[in-house]
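Biologist: I would like to learn how to read a few features of a structure, taking the general idea before the particular case. Could we go through one together?

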Amino acid sequence: MEFVVPDEDLNTPVYEEAEIYVAMNDLLYDAWVTGGKETTNMRDTKLEKVKRITGNHAKLENVVLEPKRIGLLTLRFNFLTQKVSEANYTLHAIQRNETTNKIQGGETYLIKRDPRNLFLAKAGEDKVINENEAITIQADTLNEPATYNWYDPEGNLIYTGKDFTVSSNVTKKYKLEIIADSDGYKDYDEIEIKINGPSLNSLSPNPTSGLVMVGYDVMDSSSAYISVHNLPATVSDNYILDVTKSQIEIDVSGYPAGVYVVTLVCDGEITDSKNLLKE
């Protein structure tokens, strides 16, 4: 099976403005597997019997059908709202003899798009959360019935719906796919959930005239310390942290009044800082 865009349509080929999926029924899939599972200009999808066309003269090759057996092949077009033009489209689906290269039959798809209001998928602004913190991410709702799919960084479908809750201990990007129910138009967007690194959680009290409790989270760091210095840099002290704990009490009663910068350093890298007012 060969899928061809005619020369006169190559300025706006349909495979660049739409996702074209070729689905085989069980009999046709088995016949293709028998021939060695060979393709040209096609990409695998998460469904083994479905392939996506990626270029002109795409092929399902060496389909070995027994005599008088009929396989079913189905094409699906999902136009991309950010790529689609005003053109109409043509795609020839050709059944060709592998040995003689002669055409045995086929179909021609003439696609004429109805006018429609195009839309953009919006997954929201990138978020910053603490390690293993739960957060709900939400897609902007379209003014028409649609399907909302969310994919993980590996391309696995993990949720269908407008919003869902995630938690993570590493920074991840999630992909949102919105498909219009009426005609299959679709668009994508991404949202990145960033995980805070080692951080200073609190300085209490602030302002202070003496003792200050510093709350911290060094995560998986093997060593850490806190540096305290004033803005003229006339005072500078370091305090080694116990990485198995989450707070340390520091006595700044002997420091001159003024603004100090409390800096967290983990494994030799500055990871966070906060201002402290000494009265």
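Biologist: Is Glu144 buried, partly exposed or exposed?

Modeller: The classes rest on relative accessible area, with buried under 20%, exposed over 50% and partly exposed in between (1.4 Å probe, protein chains only); at 24% relative accessibility, Glu144 counts as partly exposed. Please keep in mind that this is a predicted model, in which local features need pLDDT of at least 70 and side-chain atom pairs count only at pLDDT 80 or more, while totals for chains, interfaces and linings use all residues. Residues are numbered from 1 along each chain as its sequence is written, and side-chain values use heavy atoms, with hydrogens and water left out.

Biologist: Which residue does the side chain of Glu144 meet in a salt bridge?

Modeller: Side chains of opposite charge can pair when their charged atoms come close. The term salt bridge stands here for a side-chain nitrogen of Lys or Arg within 4 Å of a carboxyl oxygen of Asp or Glu. The partner of Glu144 is Arg116, at 3.1 Å from N to O. This pair links distant parts of the chain, 28 residues apart, since Arg116 lies in the loop between strand E9 (103–111) and strand E10 (127–129), and Glu144 in the loop between strand E11 (134–138) and strand E12 (146–151). Helices (H or I, at least four residues) and strands (E, at least two) are DSSP runs, numbered from the N terminus.

Biologist: How many salt bridges are found in the whole structure, and which residues do shared partners join into one network?

Modeller: The search finds ten, and bridges that share partners join Glu19, Arg52, Glu177 and Lys186 into one network. Another salt bridge is that of Glu2 and Arg96, at 3.0 Å from N to O, which links strand E1 (residues 2–4) to strand E8 (residues 89–96) across 94 residues. Glu2 counts as buried at 7% relative accessibility, whereas Arg96, at 28%, counts as partly exposed.

Biologist: How do E12 and E13 run, and how many bridges join them?

Modeller: Two strands pair if DSSP finds at least two bridges between them. In this case three bridges join E12 to strand E13 (residues 157–160), and the strands run antiparallel; Asn149 has Thr160 in E13 as its bridge partner. The two strands form a hairpin with five residues between them, and Gly155 in the turn has a positive phi of about 85°.
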